[in-house]
Amino acid sequence: MSDLNHRVGVREQNLVVRNLKLSNVTEESCDELVKEIDQLFGIDEVSYNIKEGEIHLAYDAANVSLDGIEEVIRKYGADVHDDWWTHTKESYYKFVDRNIKDNSVHKPWSCHQAPSGAGRKNK
């Protein structure tokens with residue numbers, strides 16, 4: 001796939017897919033919650049499975065963070081489910097997202113470049 005197959009603000013190399021279990025999501029707040037998350041810059045796809053109580057997210061980790069998404073979730077009275085597995089996944093997701101964001105702004109360098117002024121001299 002190429003970047004053209006995604007929304008604006010989503011690059012293939014930074015695309016991540018996340019599934020988190022949520023608690024306290026009502027049917028009334030579900031649609032508004034998904035709609036607001038869907039409007040964030042960098043979100044490629046979002047859906048909520050009300051039977052499973054899981055939110056499915058696909059986003060560019062260089063442009064949006066899981067912390068920002070969780071703020072929107074809490075705004076509607078919901079929260080990330082309070083169990084060991086969900087917190088483990090959430091911590092891992094945040095770690096990987098931070099690395100993706102850091103690497104997206106990193107300027108590569110090489111120690112194998114010739115120092116300036118060290119070219120061949122003609123005699």
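Guide: A polar contact here is a pair of N or O atoms within 3.5 Å; within protein, one must be able to donate a hydrogen and the other to accept it, and residues adjacent in sequence count only if both atoms are side-chain atoms. This is a predicted model, where local features need pLDDT of at least 70, side-chain atom pairs count only at pLDDT 80 or more, and totals for chains, interfaces and linings use all residues. Residues are numbered from 1 along each chain as its sequence is written, and side-chain values use heavy atoms, leaving out hydrogens and water.

Visitor: Which side chain does Arg98 make a polar contact with?

Guide: That of Asp102, at 2.9 Å.

Visitor: Where does Arg98 sit?

Guide: In helix H3 (helices, H or I of at least four residues, and strands, E of at least two, are DSSP runs numbered from the N terminus).

Visitor: Switching to the sheet, what is the strand order?

Guide: S2-S3-S1-S4, in an open sheet of four strands with antiparallel pairing; two strands pair if DSSP finds at least two bridges between them. Strands S2 (43-49) and S4 (79-80) are at the edges with a single partner strand each, so one side of each lacks a neighbour in the sheet.

Visitor: How many bridges join S1 to S3?

Guide: Seven, between residues 15-23 of S1 and residues 54-60 of S3.

Visitor: And what stands opposite Arg18?

Guide: Leu57 in S3.
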